[in-house]
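Please find below a colleague's note on the model under discussion.

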Amino acid sequence: MTIRIANLVSGDLFLQPNLASALALVLVGLLALVTLIQQWIVRRSHHVAER
């Protein structure tokens, strides 16, 4: 996905910065979601280990 964003920003024929911005926001959202899920799993496993 990052390669596609780079191609949209620096493309010789098809320069589409708006689409690149939209894809970047989707990528940030996915990364935030994965990070939140990972933190939830870590907290849950740490809580279970304390018992």
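The points below proceed from the basis of the model to the whole chain and then to individual residues.

1. Basis of the model. The structure is a predicted model, in which local features need pLDDT of at least 70 and side-chain atom pairs count only at pLDDT 80 or more, while totals for chains, interfaces and linings use all residues. Residues are numbered from 1 along each chain as its sequence is written, and side-chain values use heavy atoms, with hydrogens and water left out.

2. Overall form. The chain contains two helices and zero strands (DSSP runs numbered from the N terminus: H or I of at least four residues for helices, E of at least two for strands). Its radius of gyration is 18 Å, well over the 10 Å that the globule rule gives for 51 residues, so the chain is more spread out than a compact globule. That radius is taken over C-alpha atoms, and the rule is 2.2 Å times the number of residues to the power 0.38. Along the principal axes, the C-alpha atoms fill a box of roughly 60 × 15 × 10 Å.

3. Surface. Of the 51 residues, 8% count as buried (buried is under 20% relative accessible area, exposed over 50%, partly exposed in between, with a 1.4 Å probe and protein chains only). The chain exposes about 4,600 Å², of which carbon and sulfur atoms supply 68%; accessible areas come from the Shrake-Rupley method with a 1.4 Å probe, and for residues only the protein chains shown count as cover.

4. Annotated segment. An unreviewed UniProt entry lists residues 20-42 as "transmembrane region"; UniProt positions follow the numbering used here, feature names are shortened, and annotations may be inferred rather than shown by experiment. Over residues 20-42 the chain is 100% helix and 0% strand, with the end C-alpha atoms 33 Å apart.

5. Helix H2. Leucine 25 lies in helix H2, which covers residues 17-49. Leucine 25 counts as exposed because its relative accessible area is 63%. Its C-alpha atom is 20 Å from that of phenylalanine 14, eleven residues away in sequence. Valine 26 also belongs to helix H2, and is partly exposed at 43% relative accessibility. Between valine 26 and methionine 1, 25 residues apart in sequence, the C-alpha distance is 9.8 Å. Isoleucine 37 is another residue of helix H2, partly exposed with a relative accessible area of 43%.

6. Helix H1. Arginine 4 is placed in helix H1, residues 2-10. Arginine 4 is partly exposed, since its relative accessible area is 47%. Arginine 4 and glutamine 39 are 35 residues apart along the chain, and their C-alpha atoms are separated by 29 Å.
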